[in-house]
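Trainee: I would like to learn how to read the features of a model like this one, step by step. Could you take me through them, beginning with a loop residue?

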Amino acid sequence: MNKSSAERRSAERRMGELRREIEQHDYRYYVLDAPSVPDAEYDRLMRQLQALEADYPDLVIAQSPTQRVAGQPAEGFEPVRHRTPMLSLANAFSAEEIQQFHDRVVKGLEIDHVTYVAEPKLDGVAISLRYEAGCLEQAATRGDGTTGEDVTSNVRTINAIPLHLERREQSPLWPPTLEVRGEIYMPLAGFHAWNEQARKQGGKELVNPRNAAAGSLRQLDPRITKTRPLAFYAYSAVAAEGLPDSHLEVLQLLRAWGFPVNPEVRRVKDAQGCIDYYHDLAARRDSLPYDIDGVVFKVESREQQETLGFVSRAPRWAIARKFPAQEEITRLLDIDIQVGRTGALTPVARLEPVFVGGVTVTNATLHNLDEIRRKDVRVGDWVVVRRAGDVIPEVARVLLERREGDPEEFQMSTSCPVCGSAVERVEGEAVFRCSGGLFCPAQRKQSIMHFVSRRAMDIEGLGEKLVGQLVDKGLVHSVADLYKLSREQLLGLERMGEKSADNLLAELERSKTPDLGRLLYALGIREVGEVTAHSLARHFGSLEHIAQAGEEELTDVPDVGPVVAGHVRAFFQEAHNREIIDSLAQAGLRWKAVEVQQGEQPLAGQTWVLTGALSMPRAKAKNMLEALGAKVSGSVSAKTSVVLAGEAAGSKLRKAEKLGIKVLSEADFLQLIAKPGSK
């Protein structure tokens with residue numbers, strides 16, 4: 001062996017030693033919070049490794065500690081669809097609400113006592129980290145819960161996040177694919193030090209730690225992110241097989257693999273344990289080295305979590321109890337009405353500017369008319385403004401002792417301030433809504449996106465950006481205008497080539513003969529989902545019969561109660577909506593009538609099992625199956641006909657696959673029951 005080869009092998013060996021030593025120091029510093037060497041020694045080791053890698057660039061590996069900043073600034077962030085949705089948490093603001101949450105849990109599990117895992121709710125940015133064969137492959141923000149942004153390059157700069165996993169404390173090997181969820185935050189010491197330096201240099205100061213963390217993570221140049229004092233705590237693992245049933249044991253396993261886990265995590269029992277933990281942490285809140293806006297409680301058993309399932313976009317097995325928010329006093333100048341993308345009319349307070357929770361607030365939500373009446377809010381009042389949950393400013397209360405004269409009560413408009421359509425308010429609900437969903441400009445983009453979606457009219461090629469262009473340029477005012485688009489108009493849009501334009505026109509033409517159920521769902525009637533739309537179609541047979549049906553007739557349809565019936569009636573009574581439907585017919589749409597089938601039970605004799613997270617409540621899915629004649633069982637056996645598997649399905653799915661039992665996704669299930677008489 002010549003000298004150069006010997007030197008190369010020696011350098012390669014030393015590089016491996018240095019990487020392992022640096023990674024061990026990172027683990028002790030970020031995970032154990034027990035550094036074993038001074039910063040100067042750590043820096044010396046890093047410089048040695050950098051020098052060797054400079055001499056032997058072909059021996060540099062992506063997982064090296066020196067590679068935490070690499071590449072050029074990005075032009076933007078690519079979207080990432082989460083394999084398992086990043087769900088929001090329901091909030092509690094009192095001990096009574098925690099007790100109510102616990103009561104729902106024990107009732108759902110049919111047991112007397114429940115063990116929870118309690119942890120601080122950090123005021124940072126939620127992140128999802130995907131590891132393949134132990135190496136960090138992708139990091140994505142939460143986004144809307146379904147789709148986030150790829151921030152892998154920036155996350156790689158955060159020393160607290162391992163680039164590859166290590167087995168410590170006799171831990172088992174990690175799964176081939178491991179997805180870890182956690183919070184990226186800025187410690188208070190780093191935040192204050194950064195601002196102190198900015199003041200000395202005449203630079204821009206960071207407003208608060210949460211905004212600082214979010215802004216740092218979304219820098220297009222990862223070298224900028226690297227300069228920010230960011231940290232990380234892991235709080236869950238998903239999309240991985242073979243993990244323990246105990247959520248606390250999962251966290252301990254993540255810690256052994258190299259992830260920092262918050263040292264304040266505790267196991268508590270029943271509602272009182274949660275309440276005691278909350279008061280203990282609240283008392284120590286100001287002494288913690290990071291900002292928190294509350295605490296989180298999760299049912300410890302992952303099997304029990306699966307049993308409890310989800311409601312809407314939140315798990316039934318977890319809740320966040322928020323701390324009281326920051327408050328300031330200012331004057332209410334006026335009350336405006338804001339129309340949201342779903343048609344909800346929200347009263348908004350226009351305020352004299354006031355600095356609350358790190359930001360200047362000029363607008364605040366008043367929630368709804370009931371809240372305005374309850375708080376007796378009137379224009380000209382002095383009010384207390386609170387950043388609810390430390391995020392959304394709201395008018396908390398009125399200082400009645402400072403009221404001048406006898407100002408008039410606020411009155412909600414009876415017509416939409418944007419489109420003039422009638423405003424509806426369902427009995428028992430607090431929200432007023434515009435009934436012109438297909439017509440209202442405030443709801444235009446939302447209604448079009450829903451109309452063209454895969455489970456509605458399924459028009460491929462009409463994404464959010466393109467719909468935005470069509471609306472902003474005045475080419476599309478309603479869904480009916482989609483069918484009036486010309487090739488020339490499409491070619492005038494940004495990034496629209498001839499082939500794309502022709503494909504879109506072909507898609508629009510293909511969609512002109514939808515099933516009645518699809519069309520009904522596409523119209524976006526409130527609370528009329530896919531299943532309800534197809535049930536209405538099968539029951540009445542034609543759109544005309546549905547439009548003419550009274551509320552009593554509508555409630556004869558399975559899964560249609562008085563509230564849904566009221567929404568259906570209100571939709572078809574609004575002249576603007578009927579005009580859009582007429583325009584669709586004039587544009588050439590011919591929806592297929594459905595043979596009326598009442599009382600049929602196409603799944604009679606079948607036994608179904610539900611597992612995993614569904615987009616609909618478990619109880620609703622069970623009722624739908626039973627209405628179609630199926631028996632719903634809680635366990636998989638040889639007698640099981642079909643397993644309906646949602647997201648993150650576990651042992652039941654594995655048993656079904658082992659037994660060769662038919663497995664359907666939720667989308668397959670909805671498609672199946674949409675076909676009358678299918679088995």
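Trainee: How is D458 classed by its relative accessibility, and where is the place of this residue?

Mentor: This is a predicted model, and every value we discuss is computed from it. D458 is placed in the loop between α12 and α13, and its phi is near 55°, a positive value in a residue other than glycine.

Trainee: Which value of phi does E527 have, and in which loop is E527 found?

Mentor: E527 is not a glycine, yet it has a positive phi of about 65°, and the residue belongs to the loop between α16 and α17. With a relative accessible area of 45%, E527 is partly exposed. For a contrast in class, take Q411 in the loop between β18 (392-398) and β19 (423-424), which counts as exposed at 54% relative accessibility. The C-alpha atom of Q411 is separated by 9.8 Å from that of I372, although these two residues are 39 residues apart along the chain.

Trainee: Which elements give two or more residues to the largest nonpolar core, and which residues have the most contacts inside it?

Mentor: The largest nonpolar core has 53 residues, and F451, L462, L482, Y483, L523 and L536 are those with the most contacts inside it. Among the elements that give two or more residues to this core are α12 (444-452), α13 (464-472), α16 (516-522) and α17 (530-540). Taking L523 as an example, and leaving aside residues up to four places away in sequence, L523 touches L438, L543, F571, I581 and L584. A second, separate core has 40 residues, including A160, A212, A213 and L248.

Trainee: Turning to sheets, what is the order of the strands in the open sheet of 5 strands, and which strands stand at the edges?

Mentor: Strands of a sheet pair through backbone hydrogen bonds, in either a parallel or an antiparallel sense. In this open sheet the order is β2-β13-β10-β3-β9, with mixed pairing. The edges are held by β2 (90-92) and β9 (266-269), each of which has a single partner strand, so one side of each is left without a neighbour in the sheet. From one strand to the next the twist averages 35°. Within the sheet, β10 (residues 292-299) and β13 (residues 318-322) run antiparallel and are joined by 5 bridges, with A318 in β13 as the bridge partner of K298.

Trainee: Which helices pack on this sheet, and which strands do they touch?

Mentor: Helix α3 (residues 95-109) packs on the sheet by touching β2, β3 (115-122), β10 and β13, and its direction makes about 175° with that of β13. Helix α8 (residues 247-257) also packs on the sheet, where it touches β3, β9 and β10, its direction making about 50° with that of β3.

Trainee: Is strand β21 buried or exposed, and with which strands is β21 paired?

Mentor: In β21 (residues 607-611), 5 of the 5 residues are buried, so the strand is largely enclosed by the rest of the structure. Both faces are covered, with T607, V609 and T611 buried on one side and W608 and L610 buried on the other. β21 pairs with β22 (residues 631-633) in the parallel sense over 3 bridges, and W608 has V632 in β22 as its bridge partner. β21 also runs parallel to β23 (residues 642-645), to which 4 bridges join it, and there L610 stands opposite L644.

Notes
Residues numbered from 1 in each chain as written. Predicted model: local features only at pLDDT ≥ 70, side-chain atom pairs only at ≥ 80, totals over all residues. Heavy atoms only, no water. Pairing = 2+ DSSP bridges. Axes fitted to C-alpha atoms, helices over the stretch in contact; angles between N-to-C directions. Contact = heavy atoms within 4.5 Å. Buried < 20%, exposed > 50% of the residue type's maximum accessible area, 1.4 Å probe, protein only. Core = buried A, V, L, I, M, F, W, Y, C linked by side-chain atoms within 4.5 Å.
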